[in-house]
2 protein chains.
Amino acid sequence: MEENKIVELSSKERPLLLDCGKSLGPVKIAYTTYGNLNEQKSNAILICHALTGDQYVASQHPITKKEGWWSNVVGPNKSIDTNKFFVICPNIIGGCMGSTGPKEIDPLTQKEFGLNFPVITISDMVKAQKLLIDYLSIEKLFCVTGGSMGGMLVLEWLSKFPEYVHSAIPIATSVNHSAQNIALNELARQSIMADPNWQSGNYYETDNQPTKGLSVARMAAHISYLSKESLHQKFGRNLQDKNELDYSFKADFQIESYLRHQGISFVDRFDANSYLYITRAMDYFDITANSNGSLIEAFKDTKSKVLCISFTSDWLYPTSENKKIVKTLNALGIDVSFLEIETENGHDSFLLHEPEFFDALNGFISSTWREL
Amino acid sequence: MEENKIVELSSKERPLLLDCGKSLGPVKIAYTTYGNLNEQKSNAILICHALTGDQYVASQHPITKKEGWWSNVVGPNKSIDTNKFFVICPNIIGGCMGSTGPKEIDPLTQKEFGLNFPVITISDMVKAQKLLIDYLSIEKLFCVTGGSMGGMLVLEWLSKFPEYVHSAIPIATSVNHSAQNIALNELARQSIMADPNWQSGNYYETDNQPTKGLSVARMAAHISYLSKESLHQKFGRNLQDKNELDYSFKADFQIESYLRHQGISFVDRFDANSYLYITRAMDYFDITANSNGSLIEAFKDTKSKVLCISFTSDWLYPTSENKKIVKTLNALGIDVSFLEIETENGHDSFLLHEPEFFDALNGFISSTWREL
């Protein structure tokens, strides 16, 4: 059973307090669920999506008509088995698929928020998810999982709401953003803001949308999601539909054609301001922000069983970053396993066909469920 | 003795034939020389600059007023000793510091070339340099050296004009551009072309220059020139002139401020169309293009003594790429040495203070000179 819903979870009177000091209310959360919540409400799995992900984790995307971004992981008899588990995937706040974000209407002005939307954090996103979990009357999530930025939300759940999490699977993520991570996000933001159609964020009601800037931002991201080796294997120096160089600025090489396509197709489904806000939240993310830089302190109340997964060719959130999580939880005596998957597919591996990865998810979830 | 000159080296009647099938004539070359050519004309060292380099290798840059990009390498008693050697550094064709390029006047139209400039190759750049060497009546260059794209020109000299090169030092380079290299350049080009002020390349006589697009392109390049580790050590997550997050889209982090500065300061000294043409030439570069993919065949006439240098943290032109050159020359029985320098400074290492690198240059040049 699949359901798509939007709920209002806070109000003007009882708003969500944000890290920046401002508040949001009401907060809308658009989310999708799969499967059925059991009577004890013990079989809920929360999936946290990545930067450009959404709630359509295993459903056809309403705009692109493509299958869900984790359709190979979530579904009947898959690693996250919707016959057994009640899967919840909310669109993050700051996003653009129905949850409160810069392109939604500001109740104060009755116009789109644009840059009046407050700068939010990963912690704010998780606080909003917690409102949804409370609304669903779930007192303990069986598992919280997600890759990339989704993994940051998993870490935040472990740190901020440890008693609500029975188990967790952070994937290809980091306890904070490195200078290189911030640099890549800043490049994307500058590309968007350089587009005159961005109009300081006030483009919603105009005929001009910042599609070119957003498209270049997406191209930059795509380069970082793939490894040098996977780019070589997929594209190498192969020419696009020709046998000889064109001596022009057209897309001569397949890799150019691929990147242009990734850029152009992205702008139909994503909001440029959301891209600014979400990348900002990622850059601000530091799980030790409230513990004086101490990872041990940040996770001191964590009791969950944890599986941490990284991919050898991921240079965006490399194994070394993921190991920091594992070492900390180990030092705290937490039941934590670590799996580094050998692959050339780079950061994107968590979205691709990686049988060892699927098996690991399935094995951890099944055994943790049996032990419950 | 330092001299800055511009010469016209081909003519309308005897133009330079380009790989694309078109021709250029006259070809202007702007170049700088240091030191004196000896009577036998045996002490000339040709320096090939990188993508955004120029002929001001050891001289103050006329626009930025900064010292030359290789002032730490080239000069009296330095690794490339201008007391002993006659150093020549020409601006490449396609460039924007006086050599024939897209911002120069097309003799046919008496207007700037813009996108009417033909798409050139690394080989075309070297053919133009050869005209300069002929003009200077030098029959054998004592040494040809350069890093990054400059290294590609060195390889092209070795392959195309082997009898003109006594020794060569290709640095941090590659025998062709990888898919990732092409992707990064394509990102830069798309960023420039997305800027409406680019105006299909016809911006020279307008009030609007594509500075924003070029600035974002430069930011992307800078990220690729540094290693993850050097970015971490230089900037980490340090805030810029503040103690707390700003919760805005201003440059909160030092790395953001650094990148913005790199982007903004670049546009004063570089032409956006040149950036398009030169990156295109780099992407097209494949030393085996005329030898059916065979590296052995490409270097079969090479007799020069060669030192090849790479840097451990260079992910743009990693050691593995440089080793391809070494293996090939080894197989051909060429006197080739290889040095991989341990450093965290990434691709930019060849422009930075790296004593081991300076010593290697000096050692190779001195011993080769003694053996002459």
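Author: A definition comes first: two residues are in contact if their C-beta atoms, placed from the backbone, lie within 7 Å. The model is predicted.

Reader: With that in hand, what covers the buried residues of α2(B)?

Author: The cover includes α1 (122-135), β11 (141-147), β12 (165-171), α7, α8 (295-298) and α9 (319-331) of chain B.

Reader: Why is α2(B) called largely enclosed by the rest of the structure?

Author: A residue is buried if 20 or more other C-beta atoms lie within 10 Å of its own. Of the 12 residues of α2(B), 11 are buried, so the helix is largely enclosed by the rest of the structure. Among the buried ones are M149(B), L153(B), E156(B) and W157(B).

Reader: How do you know that the span of α2(B) agrees with what a helix should have?

Author: The expected span is 1.5 Å times one less than the number of residues. Helix α2 of chain B, residues 149-160, has 12 residues and should therefore span 16 Å; its end C-alpha atoms are 16 Å apart, which agrees.

Reader: Turning to chain A, why does E340(A) count as partly exposed?

Author: The label partly exposed lies between two cut-offs, 20 or more neighbours for buried and 12 or fewer for exposed. E340(A) has 16 C-beta neighbours inside 10 Å, so it counts as partly exposed. This residue is found in strand β14 (residues 336-341) of chain A.

Reader: Which residues is E340(A) in contact with, leaving aside its neighbours within four places in sequence?

Author: They are S310(A), T312(A) and T319(A). As for D314(A), 26 residues from E340(A) along the chain, the two C-alpha atoms are separated by 10 Å.

Reader: What makes up the domain assignment of chain A?

Author: Domain 1 takes residues 2-177 + 287-370, and domain 2 takes 181-279. Their centres, taken over C-alpha atoms, are separated by 26 Å. The contact between them involves 26 residues from domain 1 and 22 residues from domain 2 of chain A. On the domain 1 side there are 10 nonpolar, 12 polar and 4 charged residues.

Terms used
Residues numbered from 1 in each chain as written. Chains lettered and ligands numbered in written order. Predicted model: local features only at pLDDT ≥ 70, side-chain atom pairs only at ≥ 80, totals over all residues. Helix = DSSP H or I, 4+ residues; strand = E, 2+ residues; numbered from the N terminus. Domains from an automatic or database assignment. Nonpolar A, V, L, I, M, F, W, Y, C, P; charged D, E, K, R; others polar.
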